[in-house]
Amino acid sequence: MKENLLFLIIVVVVILFTTMVFFLSRYRRCPSDKVMVIYGKLRNNKDGTQRSARCIHGGAAFVVPVFQAYQYLDLTPISISVDLKNALSKQNIRIDVPSRFTVGISTEVGVMQNAAERLLGLRHEEIQSLAEDIIFGQLRLIIATMDIEEINTDRDKFLDAVSGNVETELKKIGLRLINVNVTDINDESGYIEALGREAASKAINDAKVSVAINDKSGSIGAANAQRDQRVSVSHADAEAIAGENEAKIAVAESEATRREREAEAQKRAITTENIQKALANQESYEAQRTAELARAELEKATLEADVLVKTEIEKQRLVLEAEAEAEQIRRKAQGEADAILMKMQAEAQGMKETLEKQAEGFARLVEAAGGNAADAVRMMIADKMEQIAQIQVEAIKNLRIDKVTVWDNGQGSPDGKNAAANFVSGIMKTVPPMNDVFDMVGMNLPEYLGKKKDGGTELPTDSGHN
């Protein structure tokens, strides 16, 4: 019985010890360079909303087995090289702004919660890429709202704007901006370099002005020292002369006093004159320098204005001449086209009216021929017979025969004609017979003008001729 009880006690102790070790193993301590994120079954927020994670930095917490789990977010800073190129500034000038940003997981309460929700489980390279995209966008946005002078000269203002905008966006994903370092700013147009040369030139000119002012002060000091020296010497001479004149008579003493006063007055006049000459020379040199600078600017502006005005006038003249020439060519082409169109329209109208009149006349001619178009054509050809005959006569009218010799042996031809008659008849046969002319147009010669006989045309005979 005692053995069973002892065994039971040992079992209970072992179970208690194992349970205690197990629970102690679930008590997790968070290192200082990490953020421990506990997720799973968590208590709700005070407003009743569900908590997605619990973030612990620099402490410890108990992780409930089965219901909760945990992971760590590394707080090691991340260095990101941002080589921004061709960013458009407020003046529409593209600049290159190479810079380096250092970011890390934020330990701020609300921001740390964002990191737990958005960065938990991401690799170091993924977090760096995400931050780099945000930095690029915000950097371009800031540069677009600033002038190059502000970016180049007022670096504190530029860095403050970058820090404010970039850190605001980084906090949304749980990051914080640790450091910003802009290495250099360049632009493709050379504007920043020109600003540097302008600043250097201004510094050199200011140095020259400072040297001139110091030279002026030195000259005035030298003149004052010389004056004091001469006064001291004059006082010493006066004292020596006074000592010598004490033994002289009163008249000599009075004369010495008079000469001493004259010398003092002359000394003051010479000193004042030298000072005024120095001041006048200085003012003259300054005025001359100012006048030379103004004259140089005036000549430069005059030359630029002359070149620009002449170039603009020549440009306007060429544009106006080109426009006038183009307008003249267009109007000439339009006039020629209109003339051709009117001419063709007039010719078409005339031809139309001619054809209409001819058709109207032919219709009346057909009507007069009893509706027979062939008879109408014959009437038209008959009307032209005189002209046809005249054309035949014209064919041999200009035939010049100076002398014709006909040898006749006295015997007639089988048709009873002598040689002279046959010669004349042969000439007449060179003219196309009238019956052939009618055949060409598909018509028959009227019988009252002649009829064919034995393959030829027999013309009507006149009772008074053979």
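These notes walk through a predicted model, from the whole protein down to single residues.

1. **The whole protein.** The chain has 466 residues, and 17% of the residues are buried. Its secondary structure comes to 11 helices and 11 strands. The accessible surface is about 34,100 Å². Carbon and sulfur atoms account for 56% of that surface. Now take the contacts between residues at least 6 apart in sequence: 65% of them join residues at least 24 apart.

2. **Helix H5, its length.** H5 covers residues 155-171, which makes 17 residues. From first C-alpha to last, H5 reaches 23 Å. That is close to the 24 Å expected at 1.5 Å a residue.

3. Which residues of H5 are buried? They are Phe158, Val162, Val166 and Leu170. These four sit on the same side of H5, because they cover an arc of only 80° around the axis. Look at their numbering with this rule in mind: an α-helix has 3.6 residues a turn, so residues three or four places apart point the same way. The face turned away from the buried side carries Asp156 and Asp160, both exposed.

4. **What covers H5.** Glutamine 138 belongs to H3 and is buried, at 14% relative accessibility. Leaving aside residues up to four places away in sequence, glutamine 138 touches Asn165, Val166 and Glu169.

5. **Helix H2.** In H2 (residues 109-118), the residues Val111, Met112, Ala115 and Ala116 are buried. The buried residues of H2 fall within an arc of 150° seen down the axis, so they line one face of the helix. They pack against the strands S2 (34-40), S3 (54-56), S5 (68-74), S7 and S8, and against helix H5.

6. **Glutamate 117.** This residue is also found in H2. Is glutamate 117 buried or partly exposed? Glutamate 117 is partly exposed, with a relative accessible area of 45%.

7. **A surface patch.** Leu5, Leu8, Ile9, Val12, Val13 and Leu16 form a nonpolar patch on the surface. Together they have about 560 Å² of accessible area. Leucine 5 lies in helix H1, residues 2-25.

8. Asparagine 86 is not a glycine, yet has a positive phi of about 55°. Asparagine 86 lies in strand S6, residues 78-88. At 38% relative accessibility, asparagine 86 is partly exposed.

9. **Salt bridges in H7.** The whole structure holds 16 salt bridges. Helix H7 spans residues 250-368. Arginine 295 and glutamate 292 meet in a salt bridge at 2.8 Å, N to O. They are separated by about one helical turn, because they are three residues apart in H7. Glutamate 321 and arginine 317 form a salt bridge at 2.5 Å. Here the spacing is four residues, so the separation is again about one helical turn.

10. **Other salt bridges.** Glutamate 126 pairs with arginine 123, with the closest N and O atoms 3.3 Å apart. Glutamate 126 is partly exposed at 30%, whereas arginine 123 is exposed at 52%. Glu264, Lys267 and Arg268 are linked in a network of salt bridges.

Definitions and conventions. Residues numbered from 1 in each chain as written. Predicted model: local features only at pLDDT ≥ 70, side-chain atom pairs only at ≥ 80, totals over all residues. Heavy atoms only, no water. Helix = DSSP H or I, 4+ residues; strand = E, 2+ residues; numbered from the N terminus. Expected span 1.5 Å × (residues − 1). Buried < 20%, exposed > 50% of the residue type's maximum accessible area, 1.4 Å probe, protein only. Arc of directions from axis to C-beta. Patch = residues over 30% accessible without salt bridge, like charges linked within 9 Å, V, L, I, M, F, W, Y side chains within 5 Å. Areas by Shrake-Rupley, 256 points an atom, 1.4 Å probe, with all protein chains shown as cover. Salt bridge = Lys/Arg side-chain N within 4 Å of Asp/Glu carboxyl O. Contact = heavy atoms within 4.5 Å.
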